[in-house]
Amino acid sequence: MASQIQDRLTTDQDLLLMQEGTMMRKVRTKFWKKLRFFRLQNDGMTVWHARQADGEAKPTFSISDVETIRKGHDSELLRNLIEEFPLEQGFTIVFHGRRPNLDLVADSAEEAQIWMRGLQLLVDLVASMDHQEQLDQWVREWFQRGDRNQDGRMSFSEAQRLLLLMNVEMDQDYALSLFQTANVSQSDTLDGEEFVQFYKALTKRTEVEQLFENFSSDGQKLTLLEFVDFLREEQKEKDHAPDLALEFIDRYEPSENGRLRHVLSKDGFLGYLCSKDGNIFNQDCLPVYQDMTQPLSHYYINSSHNTYLLRDQLCGQSSVEGYIRALKRGCRCVEVDVWDGPGGEPIVYHGHTLTSRILFKDVVATLAQYAFQLSDYPLILSLENHCTWEQQKTLAQHLTEILGEQLLSTTIDGLLMDKLPSPEQLRGKILVKGKKLSTIEDIEDIDEEEELENNQESELDADPYPVLDALLQSESQELTSRSKHIKKDSTTILCPDLSALVVYLRTVPFCSFTHSKENYHIYDMSSFSESKARHLVKEAGNEFVQHNARQLCRVYPSALRTDSSNFHPQELWNAGCQMVAMNMQTAGSAMDICDGFFRQNGGSGYVLKPEFLCDIQSSFDPERPISLYQAKVLLVQVISGQRLPKVDSTKETSVVDPLVKVELFGVPEDTRQQETSYVENNGFNPYWGQTFCFRVQVPELVILRFVVKDYNWKSRNNFIGQYTLPWTCVKQGEAILELLANIPTLAPFLTQPFCPFPGYRHISLLSRDGTSLHPASIFVYICMREDLEEEDES
């Protein structure tokens, strides 16, 4: 059971010192700084802490939860404490998902370096593990967790407790038989290697073995030709099957002899099915694969709302960390609400609330550093400007000086503005979205337009902050008196220096689709509250589609969502709305859909819309779609689950009763959901074997979501894990008619060949926070065919 991590734990000096432990200050705020004793555990995968070296220790974090390690200089919190602690002694542990960062300060720069180097080494080792190495590490962790007395062996009583920890309630006699079979030493306890055999018996996949034996002539192995047949018939690899068979055998067959003979064992077959090559998400959709040379209006753009907030809209913390997290999620449109600040420095916060303030120049510096780390396609800065003339000049100065060449301040190569540029033309550029003074008419109309826009928003979203507004009245009066020196002439409302930085994304109020078509330029764009946008989708869906084929638009959450909740973006995407802004700090199904949708195309934050949403003459209406192609029938068989986590990890004896809900999101006709029955007391290897049928009218807009829940008759079922992806990114395959022939409700669909679409696929589950729940997964079979009902009608 040796591993790279185990080897390094005994040889790397940094890791050896980390295992001895170190006293460091844990820093939460400017005022909360506590000494704690941190120690790397002997498994090399977890760090525990205690109040003192000999105190009772508690788990702090797992290495697999860590994304990266930052120096003290890169910590927003530690920079504010520079007078107390040298930055060289501090460092930040950044976790995957929305978990808050952990800021630590060591007693010396040398100690800080030891922990930074050691943690980064472990993070890199975990990231480099292949599927089998990850499983081996997972099994090793379970063995150490189950070995309560830490004697290096596991008794049957310890194994029984471990089964409950692993989320399975098993008959005692059956568990004992598996234990005794694995105990080849006849010592009544299992050593590490014997535990591996016990674990393999627990994880025996009967449904996979049956599939294997369907193609194996001897039931022990798949010859090269037999594996080619499987790849062709079930996974729809067609002409590539022979080359892929050789590649997969070499990659997943654990036996060297098997690799030399070009045969695949059961373990190798399972390894392939559980790998990225057997994943439901088509690997061809992972890199940038779409045409990136079309106008910006032809793309969905991953967009954030109130990006600076880490929590709610009333009292939440504002932080540059919000921008870093959004950019790391693939966001390409961030929002900056900027107001007059003390000392002539503009500040960013949610106006008229108790949210904390951050400096605008710190936000811009963060964008300069992180804007293009994940994607080099253009970043849009949605500037909500509430500043007076003088501080607007400061805004323009910071944008120009800090962003430098990254800032787009002129049109591309001096081209005429007769069409929007493409993401490809704008690579590496940051674009400012905001109001712009470009003609005398614009200057004269700006007061009238701002009043119209403000009236629209106030009609749609009532003021949710009356109490806070009263509390902050004195602040408002101070701001008013501070701006009295500004001239009342309309030309002084918007500073020309700032106006000049708005090139292709001039914001204008929305009056009507006819008004926009007749009066606005291609570079003009409007913002809509979610309620206004939904109303337009329902009442004038086709006009909205045509509008969004010409111009960009942005949709933002209602001001009444004070808890930073989200609306589902699908309804707006159906109408071609490009920037559907999300509260990215808030987990839930809406963010699952957003994250899943933008996982495609290299995570670039830009996804090309279907052709019928890019045509300014389009006849498509999302509320009343006339199918552009023949409707499809989607069949999903939910077969089994593997190693599902507990809902409450603190309850050792609790075991989940899992069920799977399959959800489709698209046009109203295609938005459906079905769920399996629940499996009682088994989160380790539940089997469902249930098949669902969905009729799909507009597959190009469909998003598929699998949700695993713990059945609870007393309340709503509890969330376990999920995975969401676009229909267009589902890995292709071919149907097994024999598998479905015994399902009476599907008989009418089995009279004609099925069209190419997935096959046997594993779905790796994600947490509510969007982070990996490895090795938790579900095993499914999916196929699609043309709708026979339409054929009969024709």
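Which strands does helix α4 (residues 109-127) lie across?

**Before you look.** This is a predicted model, where local features need pLDDT of at least 70, side-chain atom pairs count only at pLDDT 80 or more, and totals for chains, interfaces and linings use all residues. Residues are numbered from 1 along each chain as its sequence is written, and side-chain values use heavy atoms, with hydrogens and water left out.

**View 1. Helix α4 lies across strands of a sheet.** The strands in question are β1 (22-27), β2 (33-40), β3 (46-50), β4, β5 and β6, and the helix runs at about 155 degrees to β5. Helices here are DSSP runs of H or I with at least four residues, strands are runs of E with at least two, and both are numbered from the N terminus. Axes are lines fitted to C-alpha atoms, for helices over the stretch in contact, and angles run from 0 to 180 degrees between N-to-C directions.

**View 2. An open sheet of 7 antiparallel strands.** Follow the strands across and you get the order β4-β3-β2-β1-β7-β6-β5. At the edges sit β4 (58-62) and β5 (66-71), each with a pairing on one side only. From one strand to the next, the twist averages 35 degrees. Zoom in on β5 and strand β6 (residues 90-95): they pair in the antiparallel sense over 5 bridges. Look for Ile69, whose bridge partner in β6 is Ile93. Two strands pair if DSSP finds at least two bridges between them. Strands of a sheet pair through backbone hydrogen bonds, either parallel or antiparallel.

**View 3. Helix α9 meets helix α13.** The axes of α9 (residues 206-215) and α13 (residues 266-273) come within 11 Å and cross at roughly 110 degrees. That makes α9 roughly perpendicular to α13; angles under 35 degrees count as roughly parallel, over 145 as roughly antiparallel, 65 to 115 as roughly perpendicular and the rest as oblique. On the α9 side, the contact uses Val208, Glu209, Leu211, Phe212 and Glu213, while α13 brings Lys266, Phe269, Leu270 and Leu273. Contact means heavy atoms within 4.5 Å. Sorted by class, the contact of α9 with α13 has 6 nonpolar, no polar and 3 charged residues. For the classes, Ala, Val, Leu, Ile, Met, Phe, Trp, Tyr, Cys and Pro count as nonpolar, Asp, Glu, Lys and Arg as charged, and the others, Gly among them, as polar.

**View 4. Helix α5 crosses helix α6.** Here α5 (residues 131-146) and α6 (residues 156-165) have axes that come within 9 Å and cross at roughly 125 degrees, which makes α5 oblique to α6. Trp142, Arg145 and Gly146 of α5 make the contact with Glu158, Arg161, Leu162 and Leu165 of α6. Those residues of the contact of α5 with α6 divide into 3 nonpolar, 1 polar and 3 charged.

**View 5. Asp14 and Thr366, each in a helix.** Asp14 lies in helix α2 (residues 13-20) and is buried, with a relative accessible area of 13%. Buried means under 20% relative accessible area, exposed over 50%, and partly exposed in between (1.4 Å probe, protein chains only). Setting aside neighbours within four places in sequence, Asp14 is in contact with Ile114, Arg117 and Gly118. Thr366, in helix α15 (residues 360-370), is buried at 7% relative accessible area. Leaving out neighbours within four places in sequence, Thr366 is in contact with Val320, Tyr323, Ile324 and Ala371.

**View 6. Loop residues Glu405 and Leu501.** Glu405 is in the loop between α16 (389-403) and β18 (430-433), and at 70% relative accessibility Glu405 counts as exposed. Glu405 and Ile430 are 25 residues apart in sequence and 9.1 Å apart in space, C-alpha to C-alpha. Leu501 sits in the loop between α20 (496-499) and β19 (506-507), and counts as buried at 7% relative accessibility. Leaving aside neighbours within four places in sequence, the contacts of Leu501 include Ala396, Leu399 and Val432.

View 7. Most residues other than glycine have a negative phi, and most peptide bonds are trans. A cis peptide bond joins His774 and Pro775, with omega about 5 degrees. Gln186 has a positive phi, near 55 degrees, and is exposed, with a relative accessible area of 63%. Ser564 has a positive phi of about 65 degrees, but at 0% relative accessibility Ser564 counts as buried.
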